[in-house]
Amino acid sequence: MLLPVGGLGMNSTMDDMNLIQQAQRHHLVVRELGEEIDLEIGPGDDDPSFANTPLIGGPPREPSVEDHDESKQMVMVSQLPNEDQDLSKAQSAKRKKKVVKRWREEWADTYKWAYVDVKEGTARIFCSVCREYGRKHRRNPYGNEGSRNMQMSALEEHNNSLLHKEALRLQMASKDKIIVDKPIYVKALMSKTAGSIVEAALKRDPHEVEFIQSVQEVVHALERVIAKNSHYVNIMERLLEPERMILFRVPWVDDRGETHVNRGFRVQFNQTLGPCRGGIRFHPSLNLSIAKFLGFVQTLKNALSPYKLGGAAGGSDFDPKGRSDNEIMRFCQSYMNELYRYLGPDQDLPSEEMGVGTREMGYLFGQYRRLAGHFQGSFTGPRIFWSGSSLRTEATGYGLVFFAQLMLADMNKELKGLRCVVSGSGKIAMHVLEKLLAYGALPITVSDSKGYLVDEDGFDYMKISFLRDIKAQQRSLRDYSKTYARSKYYDEAKPWNERCDVAFPCASQNEIDQSDAINLVNSGCRILIEGSNMPCTPEAVDVLRKANVLIAPAMAAGAGGVAAGELELNHECNLMHWSPEDFESKLQEAMKQTYQRALKAATDFGYQKESPEALVHGAAISAFLTIAQGMADQGCV
């Protein structure tokens with residue numbers, strides 16, 4: 001945040017909510033986009049009458065000598081013959097029509113970050129970030145003269161001002177932190193005890209939207225458990241507070257010699273069942289709320305798997321896209337310089353997540369080994385050439401398809417011939433496509449941040465290889481449609497309106513909102529397999545449940561990565577390479593155990609096997625009871 005100009009510049013410790021509260025108090029209500037707004041509050045340079053038109057209620061201002069001189073000019077104009085006055089008005093109206101709409105749209109965004117306040121008895125427009133008004137902030141953006149040159153010079157003058165540049169920079173930086181436009185959706189809970197848990201979490205962390213959302217989903221699933229034993233309320237409250245949250249700066253130097261600073265996170269959420277395992281994510285949107293939500297979900301996921309482990313998550317708001325190998329190496333080494341002291345085979349071992357692949361894990365482990373001074377243990381990730389199994393990266397995607405097959409087998413159905421829509425185009429999505437083809441299904445979509453690609457003929461192994469080449473070269477999925485005429489790429493759209501039987505969201509959290517869920521139901525989707533953590537908003541979940549769409553939660557369906565990571569760290573595995581067949585058979589067995597545990601917990605607490613809530617609630621119940629037993633045995637620690 002910026003202090004006033006008279007201050008000392010940046011104040012990194014200022015609470016983000018101060019900005020929200022002030023923006024709410026000083027919100028500038030903009031008129032229609034086509035109207036002209038003069039930023040000159042006070043004696044106008046071009047419009048003498050503007051000074052006499054109050055913008056908001058404020059004390060009246062005595063006219064100055066300059067105002068008096070300008071008013072004389074108005075009197076002279078008013079004394080002209082009527083015909084001349086009409087001609088003057090017509091010319092003025094004509095000049096206003098020259099204002100280009102594009103410039104008005106650009107300035108409309110600026111007005112969102114401005115507010116009106118009274119300073120020294122005069123109403124003025126302030127930049128809502130820098131809290132200052134000044135010459136650069138009060139020129140009419142369109143130019144009252146109406147000439148094109150005047151309009152452009154005013155626009156450039158404002159946009160090039162240091163104050164306004166800083167305002168826009170902070171606007172972009174805080175885009176993912178400000179939650180005024182993202183109100184927390186609070187579900188209605190049946191019991192007061194369950195509601196008290198959510199209320200306590202809201203009171204403690206009111207700004208952490210993603211974390212609160214994940215807490216609500218789990219507490220909603222645990223209502224019957226908490227109703228049977230009120231002792232679990234205290235355990236749940238302890239569980240919701242992470243054991244350790246590590247927040248640190250990550251300075252690094254790019255190829256041009258310029259210094260950058262990012263923020264690093266690691267949330268070691270719970271180690272009741274064993275050492276932590278969890279992903280590292282490199283993405284500009286990562287913040288503490290997302291890191292806590294990922295760590296919380298990973299804790300439950302690890303507890304549900306056959307391997308008893310603690311949960312953690314972390315990463316950085318660093319964006320690896322467009323960076324060279326040397327830049328990514330320097331960033332990873334700087335990140336590990338701080339984090340290495342909290343890692344170890346008996347404490348915490350990180351794994352891949354969004355933005356972190358084989359290259360990044362290699363750089364991270366290399367720096368960890370150098371700083372720790374030994375090769376004791378290693379990170380859970382693909383180590384094809386230097387350790388362990390070569391199928392770790394496929395495990396999560398393959399596990400999702402194995403889980404879908406288990407669900408369909410209980411319904412006396414199979415994947416063969418079913419149309420499947422997949423979102424995302426990363427490691428998980430590509431391996432989902434591969435295994436769907438192996439089962440005879442018809443995958444028809446993938447997506448990226450700009451839109452989605454649909455191929456009505458379905459993908460085959462050659463097309464998947466081509467998609468991998470496109471992603472490796474950091475090209476757009478749009479290039480695929482230039483090669484295959486039957487495919488089409490849709491900009492700024494999601495694949496959920498395509499006709500399908502099974503959906504695999506594998507992109508990011510909250511990628512399916514209420515309208516997307518309605519599109520899925522109308523498209524014939526009957527089963528949704530969560531590949532990404534918490535891919536549906538609460539409103540979307542309500543729509544899917546009412547439509548009886550079966551949901552496989554990421555907590556259970558995504559356990560393949562956990563199983564594979566533990567197989568790699570097993571001593572026997574480190575001495576030999578698993579064959580693909582052996583690895584898949586062990587992965588299938590792990591997924592079957594996870595599926596059966598979730599179903600058993602659901603039926604034990606009265607949920608019907610065919611209910612759309614059975615797997616979601618059963619997975620949360622089984623995982624929580626396992627952790628709760630350990631926490632009760634170990635005492636209040």
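## Close-up views of a predicted model

**View 1. Met534 sits in a loop with a positive phi.**
Met534 is placed in the loop between strand S14 (527-529) and helix H19 (538-546). Helices (H or I, at least four residues) and strands (E, at least two) are DSSP runs, numbered from the N terminus. This is a predicted model, in which local features need pLDDT of at least 70 and side-chain atom pairs count only at pLDDT 80 or more, while totals for chains, interfaces and linings use all residues. Residues are numbered from 1 along each chain as its sequence is written, and side-chain values use heavy atoms, with hydrogens and water left out. Phi of Met534 is near 50°, a positive value in a residue other than glycine. Most residues other than glycine have a negative phi. Is Met534 buried or exposed? Met534 is buried, with a relative accessible area of 6%; buried means under 20% relative accessible area, exposed over 50%, and partly exposed in between (1.4 Å probe, protein chains only).

**View 2. Glu492 is an exposed loop residue.**
Look for Glu492 in the loop between strand S12 (487-491) and strand S13 (502-504). Here too phi is positive, near 50° for Glu492, a residue other than glycine. Glu492 counts as exposed because its relative accessibility is 68%.

**View 3. Lys463 is a buried residue in helix H16.**
Helix H16 covers residues 461-472 and includes Lys463. Lys463 has a relative accessible area of 9%, so this lysine is buried. Which residues does Lys463 touch, not counting residues up to four places away in sequence? They are Asp455, Asp457, Gly458, Tyr480 and Tyr484, where contact means heavy atoms within 4.5 Å. A polar atom of the Lys463 side chain lies 3.2 Å from the backbone oxygen of Gly458.

How many disulfides does the structure hold? The structure holds zero, a disulfide being a pair of cysteine sulfur atoms within 2.5 Å.

**View 4. Residues 87-112 have pLDDT under 50.**
The pLDDT is the predictor's confidence in each residue, from 0 to 100. For residues 87-112, the model has 39 contacts beyond four places in sequence. Residues 135-155 also have a pLDDT below 50, and this stretch has 61 contacts in the model beyond near neighbours in sequence. The protein averages a pLDDT of 77, and 66% of the residues score at least 70.

Conventions:
Polar contact = N/O pair within 3.5 Å; in protein donor to acceptor, adjacent residues only side chain to side chain.
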